[in-house]
Amino acid sequence: MTQMALVIDLNVCVGCHACVTSCKQWNTSGWAGPLVDQNPYDADPTGTFFNRVQTFEVGTFPDTETVHFPKSCLHCEEPPCVPVCPTGASYKRADNGIVLVDYDKCIGCRYCSWACPYGAREFDEKQRVMKKCTLCIDRISDQTLPERERRPACVMACPTSARLFGDVHDPDSEVSIAIRERGGYQLLPECGTQPANHYLPRRKTRMYIHPEELTRVDNPLLKEEFIGDEGDETLDDVAW
Amino acid sequence: MHPAFSVLFLTTLIGTGQGLFLALYTGQCYSLASFLPEQSTEFYTFGSLLALLLLLAGLLASFFHLGRPERAWRTAARWRSSWLSREVLLLPLVMALTAAFGLAHWLGYTQPWFTLGGWLRVDPTLTIGLAATLASFALFGCTAMVYAGVPFLREWRSTFTVVNFTLFGLSSGFLLATGFAAYSGNHLAAVYGGWWVVFTVLAMLSRLASLYRNAHLKQKSTTQSAIGVRHQFVVQKAQGATGGSFNTREFFHGRSEATLEWVRRSFVILVFPVPILMIGTAYLTHSRTLAIVAFFIQYAGLLAERWYFFAEARHPQNLYYQSVA
């Protein structure tokens, strides 16, 4: 079985929101749209987004670091939002594991959003139905696009390649190798939802320098005892 | 969670309707066992009509919760997996059976089909009433499981939710029945009043226990597990939107701790001790209307209780929406 998913590398995400804007642009003008905003240029702007970049601060000043954290639907392997849907509008595709909403069947009861621990679903105030990330299903399944463009808009837009896209069930895919070899992890594992999207942790490149690497000392490992000058003839006394 | 008034009215109104029907059927069982003289046709017919109107009002309120109410018929589709779908199927069934119960009494279908054990006269009203009783209890279960079935809303995910919804429905329904019987000068008022005290005291014990449980709940999810960074201090600085989003509107009650405290105290007082004192007074003074006043006071308390039920639930998604920047 195929399970398409994103792997997001928090180590290289710079929090530029390019994935947010490209997602909004693609999806508001395509199959899933419109993603309508209210008061976009006024006080209290709000609207529907599939993808948001959040920012967290780790540690206390001055020992802090900033973590930019892109969050969209994680396309869980055990999606809690699907069985609770009373109409069957929420479903998980059998062929690629993507969780989708049928906007023509959704009654807008919001029960699926209660069942999602990640807050990945957003209610569209204009269309009055629940919306969420589709992994750009209309791009990735569009055979008329060149192969390299059959990727989600957010992945195409990311300037630092922090977003990888592929089949996490294929052990040799780029995403599976990244998860396996670079410590990929899932969000809220205690909820038991088995999210397909994974995150790669922050990693620091550290150098540990020992003081003795900076100041040269004789016999640094103290392997031999110092033998004192006992007045005997030494090599220095030899006249060459 | 944000308490939506449509859902507050839905759950409290249908609970009262179911409770009222169950009270009527209890009355019929009492007269069947010859504890009390049989009630008039009007008593059952009018009582069933009242229960039906309450259920209808609840159903109407539920439509205000939907973004697309014209598609509500689709909710019957996933009864195998969704408690909401089951609730939606059972509610019209309870309404139909309650209507049939009232209609059977009105049309006088009380000739026994057969007699069991020489005394149990099985007639259409008894059979329909039994079916409606089973459906009512199933509906209590489904309504509560809509909330208790969300796996990581820990305040809701407890047997208390099912017990409380059932007992609160029984309590308000029996109180309305008490008022109705007292107003029509019926002997059943004392019976209903007695059962009402039992249900109300049980509901009080169960709700106080669940309040204690929820106050001492330790949440499983933390900001650390939400973003997967292991550090003692992780603070959100931005949530990706400056003016809020669906996530900040749907999952936060937006009130102060003081308001929450005030609502909690209000419902504990309005649902339990005040109506009990009023019913005691009504019993002593043989008042015909005091029980109806008590019902409205308790119903106001039940709305506050349901509001608090939503407000006290802390959704794990709120970990991602702690700070607007």
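## Chain contact and a helix pair

A:Thr55 stands opposite B:Ala238 in E3(B). The model is predicted; local features need pLDDT of at least 70, side-chain atom pairs count only at pLDDT 80 or more, and totals for chains, interfaces and linings use all residues. Residues are numbered from 1 along each chain as its sequence is written, and chains are lettered from A and ligands numbered from 1 in the order in which they are written.

**Between the chains.** E4(A) and E3(B), residues 234-238, pair in the antiparallel sense over four bridges (pairing takes at least two DSSP bridges). Helices (H or I, at least four residues) and strands (E, at least two) are DSSP runs, numbered from the N terminus. In total, 49 residues of chain A are in contact with 46 residues of chain B (C-beta atoms, placed from the backbone, within 7 Å). On the chain A side, E4(A) gives the most, with seven residues.

**Within chain B.** H4(B), residues 124-148, packs with H5(B), residues 159-183, at an angle of about 140°, their axes 8 Å apart. H4(B) is therefore oblique to H5(B). The contact includes B:Phe140 and B:Tyr147 of H4(B), and B:Phe165 and B:Gly169 of H5(B). It has seven nonpolar, five polar and no charged residues.

Technical notes
Axes fitted to C-alpha atoms, helices over the stretch in contact; angles between N-to-C directions. Parallel < 35°, antiparallel > 145°, perpendicular 65-115°, else oblique. Contact = placed C-beta atoms within 7 Å. Nonpolar A, V, L, I, M, F, W, Y, C, P; charged D, E, K, R; others polar.
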